[in-house]
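Student: Could you zoom in on the aromatic rings for me? I'd like one connected walk through them, please.

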Amino acid sequence: MKTIGLLGGMSAASTQTYYRRLCDLTREAMGGLHSPDLIIRSLDFAPIAAAQAAGDWEALAQRLNAEARLLEQAGAQVIVLATNTMHKLAAQMMQGVSVPLIHIAEATAQAIASAGLHRPGLMATAFTMEQGFYTDALRAAGLAPVLPAAPDRADIHRIIYDELCKDVVTPPSRLLFEEIARRLEQAGADSLVLGCTEVGMLLNAQNVPVPVFDTVEIHCQAAIRTALGT
């Protein structure tokens, strides 16, 4: 089994989900008392979120690159970045790093295309929905992403940062996310990407009217396949 370097803390709620799922998948694949060989680096999200809001992506790129180098030096043989938004900086993060990064958007795009679907709705942070780095990866796989309307994008972003990243889950926010998912279906989406690693706290296959692609699940499966060489 290869050692997975997990760079998380963006947010802590997301990283907890990653750890649990990586453990579950390893046990399912190998049985017995097996668990993944992990090196976890969890960052303080508050200054990162502040830099995101300020648009200081250069400082964030330098920080992620330093952390990726540390994971490699610690023995990581593959790196997993436990956040969708920060994949905006994936190329800068991996400069000078020789071990591979499992890219969350590329893995998600492959899963959607393999399912024979073409128009995924995307619910994520405003950065992920609006800045192109994520939707470009979907389009490169032949997909045509469908985005929420501007007011819905603002509500999704607010709930992610003000509630979900703080482990706060409320019925009104769940209801609003369900309504946005329905509006995306009405706009022509044939599937839904939970494009922020916290969105799965509110949405799943049971309360969304189209097939759901949970990026945490897809990312963890890809990581374990790589770690096990399957």
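Tutor: Let's settle one word to begin with: a residue is buried when its relative accessible area is under 20%, exposed when it is over 50%, and partly exposed in between, using a 1.4 Å probe and protein chains only. What you see is a predicted model, where local features need pLDDT of at least 70 and side-chain atom pairs count only at pLDDT 80 or more, while totals for chains, interfaces and linings use all residues. Numbering runs from 1 along each chain as its sequence is written, and side-chain values rest on heavy atoms, with hydrogens and water left out.

Now, the rings. You'll find four aromatic pairs here (ring centres of Phe, Tyr or Trp, its six-membered ring, within 6.5 Å; planes under 30 degrees apart are stacked, over 60 edge-to-face, the rest tilted). One of them joins Trp57 and Phe127 edge-to-face, with 5.3 Å between centres and 85° between planes. That pair ties together distant parts of the chain, 70 residues apart: Trp57 belongs to helix H3 (residues 57-74) and Phe127 to helix H6 (residues 126-130). Helices here are DSSP runs (H or I) of at least four residues, numbered from the N terminus. Both Trp57 and Phe127 are buried.

Phe133 counts as buried because its relative accessible area is 18%, and Tyr134 does so because its value is 0%.

Back to Trp57: together with Phe45, Phe127 and Tyr161, Trp57 makes one aromatic cluster. Lys88 lies over the face of Trp57, 5.0 Å from the ring centre (the rule: NZ of Lys or CZ of Arg within 6 Å of the centre and within 35 degrees of the ring normal).

Definitions and conventions
Helix = DSSP H or I, 4+ residues; strand = E, 2+ residues; numbered from the N terminus.
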